[in-house]
Amino acid sequence: MKYSSLVEVYEKIESTSKRLEKTYHISNLLKKTPDEDLQTIILLIRGRLYPDWDKRKIGVASKLVLKAINASSGAGINKIEQLWREIGDLGLVADRVIKTKSQSTLFSAKLTVAKVFSNLRRLNDMEGAGSVDRKVQLISELLSSADEKEAKYIVRTVLEDLRVGIGDGTLRDAIVWAYLPIDVKYNPENVSIDVDREKYNEIVNIVQSAYDKSNDFSTVAIAARKGVSELKKVGLIPGKPVKVMLAQKVLSVDGGFEKVGVPAELEYKYDGFRMQIHKSEGKITIFTRRLEEVTKQFPEVVKCINEHVKGESFIIDCEAVGYDSKTGKYLVFQHVSQRIKRKHNIQELAAKLPVELNIFDILYYNGEVLLDVPFEERRKLLEKIVSEKQSEIILAKKLVTSDKKVALKFYEESVEKGNEGIMLKSLKSVYKPGSRVGFMVKLKSQMDTLDLVIVGAEWGEGKRSGWLTSFSLACIDEDGNYLETGKVGTGVKEKEEEGLSFGELTKMLEPHIKQESGRAVVIKPEIVLEIKFEEIQKSPTYSSGYALRFPRVIQVREDRAPEECSTIEMVKEAFNNQKKT
Ligand code: AMP
């Protein structure tokens, strides 16, 4: 397939913010994509090279792309840099300079989707001496054969910043429209569809469920093209991470009972980080909730699981809570988060900051998928296969009740022990990967916080010069667009020994700087901060329509991917909840 067919669709999608229109264009592209290019198209349409469960990044710096544009267009580095400063998007810069390139060198070879994908994938494999030059060569080879629009999207894909918002929901629906037996009539005049709603929702749910289990839209699209029965076969594979089930929030025990029904299972809500632990063919693999593999960082967990969980193969869900090896006291996430990042002296850190596993769910056991097995039975199975050992591995402390007074006592007991609150879970519910469906809800003790992504900052002045300060924060909408909610500086320290510092944050953010003008810096959404605030107000100043008042940084959430930050719905909900109280 020609790369230009894909570029045509990028251009159409970029020019609209309407979800149905995007879905329409993507579904048309999918219909005409040959089988051999399907996997590639599904990835490239969102500017990706790897499926969601594979965390490899291209990791090419803007400077290197600049060189490639220079090599392929003949435009001088200074001119390219100047244009970049003016336009702020290297993709558009490439578009501009390649447009003015002499026609004779153009179109020497028509680019195919497969060629672009293969060159880009090779970028990631390259390391060591000469690799920078080879990378420049791989990119400029593509740019030399590209017309200006192709160049624009090649550059943006290399920089992992496609600037074409396509959310999971849009891609899922496009797969439904393209391949599944349902007649969807799209009306371009009023951007609407005519469809048998009931049947449509049923099919959308089947596709969503296949995605939640596989975390891989290519697998889903390939199966969908073969039909509904193939799609239903897409299942969990131990060793490959699955999206975790998420919790809704409630404000009272009554609200919790109402959501999950009675009797309900209440559990302590531990304040650590989520771990999904797989065993397959004798091998243990550990993933965080953002589906990053962290097996190497937790050797003691591997050992503990081997010794204390019976079974040939399984996927279990738990909260790992760090504690101080000297005092035995639980530590907040901030301390333990070091373990997720650590690449060296792992054993030493493991001895200093051990974790206790609090097991609360199981998704797969000895070849059987347990997603549709009622929660109370999944818990019973856990009780059979896990042999508890204090401070290493325990089942989440539970209580089954319909009684509000008993529940409140359990809640107080949990908070007194240093936990965040309690979870309330429906006994009969299935496990829905990736969903916040309300089969489990959380009741927290403290004022709630939001997890927001840094999308901008300012270079500091005076004693803060050299540091990024005043961080712009954003939540996310369902199409994956980041919407600003205000700025924060409070809570970040000048001295490193006092906690999260400007120096530390600057180091984390610098590789993600997209654009600078004066002191203002635009940053690629990568780093998630947990933010406390006094109040939320409606505000026309920020693109979310809301502004946080007196925000304060609590900590960096290394375990959250940017797309997992708080949604605009959560911000609205927090706004509405405060009005009631
Ligand atoms: P939140 O991170 O505030 O959305 O709360 C949900 C998180 O609480 C889950 O993702 C888990 O990481 C954590 N958690 C702690 N204890 C439990 C438990 N007993 N059951 C389920 N999740 C728990």
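Where is Arg 163 found?

## A loop residue with positive phi

Arg 163 sits in the loop between helix 9 (148-158) and helix 10. Its phi is positive, about 60°, although Arg 163 is not a glycine. Helices here are DSSP runs of H or I with at least four residues, strands are runs of E with at least two, and both are numbered from the N terminus.

## Basis of the model

This is a predicted model, in which local features need pLDDT of at least 70, side-chain atom pairs count only at pLDDT 80 or more, and totals for chains, interfaces and linings use all residues. Residues are numbered from 1 along each chain as its sequence is written, and side-chain values use heavy atoms, with hydrogens and water left out.

## Helices 7 and 8

The axes of helix 7 (residues 113-125) and helix 8 (residues 131-144) come within 9 Å and cross at roughly 165°. Helix 7 is therefore roughly antiparallel to helix 8 (angles over 145 degrees count as such). Axes are lines fitted to C-alpha atoms over the stretch in contact, and angles run from 0 to 180 degrees between N-to-C directions.

Contact means heavy atoms within 4.5 Å. From helix 7, Lys 115, Val 116, Asn 119, Leu 120, Arg 122 and Leu 123 meet Arg 134, Lys 135, Leu 138, Ile 139, Glu 141 and Leu 142 of helix 8. By class, this contact has six nonpolar, one polar and five charged residues. Ala, Val, Leu, Ile, Met, Phe, Trp, Tyr, Cys and Pro count as nonpolar; Asp, Glu, Lys and Arg as charged; the others, Gly among them, as polar.

## Helices 10 and 12

The axes of helix 10 (residues 168-179) and helix 12 (residues 217-226) come within 9 Å and cross at roughly 15°. That makes helix 10 roughly parallel to helix 12 (angles under 35 degrees). Asp 168, Leu 171, Arg 172, Ile 175 and Tyr 179 in helix 10 meet Phe 217, Val 220, Ala 221, Ala 224 and Arg 225 in helix 12. Seven of the contact residues are nonpolar, none polar and three charged.

## A cis peptide bond

The Val 262 to Pro 263 peptide bond is cis, with omega near -10°. Pro 263 lies in the loop between helix 14 (253-260) and strand 4 (264-269).

## Around the ligand

The ligand is surrounded by 15 residues (a heavy atom within 4 Å). The closest are Glu 267, Arg 274, Glu 319, Lys 425 and Lys 442.

A polar side-chain atom of Glu 267 lies 2.8 Å from a ligand nitrogen atom. Tyr 268 places a backbone N or O atom 3.0 Å from a ligand nitrogen atom. A polar side-chain atom of Lys 442 lies 2.4 Å from a ligand oxygen atom.

Terms used. Angles under 35 degrees count as roughly parallel, over 145 as roughly antiparallel, 65 to 115 as roughly perpendicular and the rest as oblique. A polar contact is a pair of N or O atoms within 3.5 Å; within protein, one must be able to donate a hydrogen and the other to accept it, and residues adjacent in sequence count only if both atoms are side-chain atoms.
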